[in-house]
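Please read them next to the coordinates.

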Amino acid sequence: ETGVTQTPRHLVMGMTNKKSLKCEQHLGHNAMYWYKQSAKKPLELMFVYNFKEQTENNSVPSRFSPECPNSSHLFLHLHTLQPEDSALYLCASSRDRASLDTQYFGPGTRLTVL
Amino acid sequence: QKEVEQNSGPLSVPEGAIASLNCTYSDRVSQSFFWYRQYSGKSPELIMSIYSNGDKEDGRFTAQLNKASQYVSLLIRDSQPSDSATYLCAVNGDDKIIFGKGTRLHILP
């Protein structure tokens, strides 16, 4: 256990569904991240929140909507997804955005879009 | 397009030997460099970070950085079967974190 938890661990959804991924960190960190990991592709940074403010959105389609209500919780709201969005979605946290050497990953949510 | 390149492998190394993993990057303003280990079915785990030219050692791991040549490497001494994993190189610069596709390392018993 790294101190970063994600739920659910597995999710299957249709293209018309709306679902949310949840991440929680118990490390007292102030930065939280969403990454996407697809087969045969590099790990892709999607969003970064630093002290609850979104600081990076790496050209992610609007069907992915992040929410960070406090420094310990991060959500990824999903709607109208495409089959190519099927991937492992990883949450991570670090002391702050500048301290990547303190970054820990959660176990991930394996998402399948039918 | 900023890129981080790694040989995908698999890289096969006999147990007890030195495993050498390499990574090149395209963005000259990159400031910090990281190596992650990812076991199959698990999430990445940070094992080394390096910020300045030269070598940084931590146990059996040594990270090497050469900013002029834009490469960073990871050496694993006395390789163990438990080192078999995919190793991800990541580069941070200009507020962007870019990962390579990873190198699969297989330690032969």
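1. B:Arg37 is buried, at 12% relative accessibility; buried means under 20% relative accessible area, exposed over 50%, and partly exposed in between, with a 1.4 Å probe and protein chains only. The side chain of B:Arg37 meets that of B:Glu45 in a salt bridge, at 3.0 Å from N to O. The term salt bridge here stands for a side-chain nitrogen of Lys or Arg within 4 Å of a carboxyl oxygen of Asp or Glu. B:Glu45, at 37% relative accessibility, counts as partly exposed.

2. A word on conventions. This is a predicted model, in which local features need pLDDT of at least 70 and side-chain atom pairs count only at pLDDT 80 or more, while totals for chains, interfaces and linings use all residues. Residues are numbered from 1 along each chain as its sequence is written, chains are lettered from A and ligands numbered from 1 in the order in which they are written, and side-chain values use heavy atoms, with hydrogens and water left out.

3. Over all chains the rule gives 6 salt bridges. One of them joins the side chains of A:Glu56 and A:Arg97, at 2.6 Å from N to O. A:Glu56 lies in strand E6 (residues 53-57) of chain A and A:Arg97 in the loop between strand E9 (87-94) and strand E10 (104-105) of chain A, so this pair ties together parts that are 41 residues apart in sequence. Helices (H or I, at least four residues) and strands (E, at least two) are DSSP runs, numbered from the N terminus. A:Glu56 is buried, with a relative accessible area of 6%, and A:Arg97 is buried as well, at 8%.

4. A further salt bridge links B:Arg60 and B:Asp83, whose closest N and O atoms are 2.8 Å apart. B:Arg60 sits in the loop between strand E6 (54-58) and strand E7 (61-66) of chain B, and B:Asp83 in the loop between strand E8 (71-76) and E9 of chain B, so the pair ties together parts that are 23 residues apart in sequence. B:Arg60 is partly exposed, with a relative accessible area of 27%, whereas B:Asp83 is buried, at 0%.

5. How many residues of E9(B) are buried? The count is 9 of its 9 residues. B:Ala85, B:Tyr87, B:Cys89, B:Val91 and B:Gly93 point one way from the strand, and B:Thr86, B:Leu88, B:Ala90 and B:Asn92 the other way. In a regular strand the side chains alternate between the two faces of the sheet.

6. E9(B) has several pairing partners. Two strands pair if DSSP finds at least two bridges between them. E4(B) and E9(B) are antiparallel over 7 bridges, and B:Trp35 has B:Cys89 as its bridge partner in E9(B).

7. The interface takes 16 residues from chain B and 19 residues from chain A, where contact means heavy atoms within 4.5 Å. The area buried between the two chains is about 1,400 Å², and carbon and sulfur atoms give 56% of that. Buried area is the accessible area (1.4 Å probe) that two parts lose on being put together, summed over both. The elements giving two or more residues to the side of chain B that touches chain A are strand E4 (32-38), strand E5 (45-50), strand E9 (85-93) and strand E10 (96-99) of chain B.

8. Which kinds of polar link cross the interface? The rule finds 0 salt bridges and 6 residue pairs in polar contact, both at pLDDT 80 or more. A polar contact is a pair of N or O atoms within 3.5 Å; within protein, one must be able to donate a hydrogen and the other to accept it, and residues adjacent in sequence count only if both atoms are side-chain atoms.

9. B:Gln38, in strand E4 of chain B, makes a side-chain polar contact with the side chain of A:Gln37 (2.9 Å). B:Gln38 is buried, with a relative accessible area of 10%. Leaving aside neighbours within four places in sequence, B:Gln38 is in contact with residues including A:Gln37, B:Pro44 and B:Leu88.
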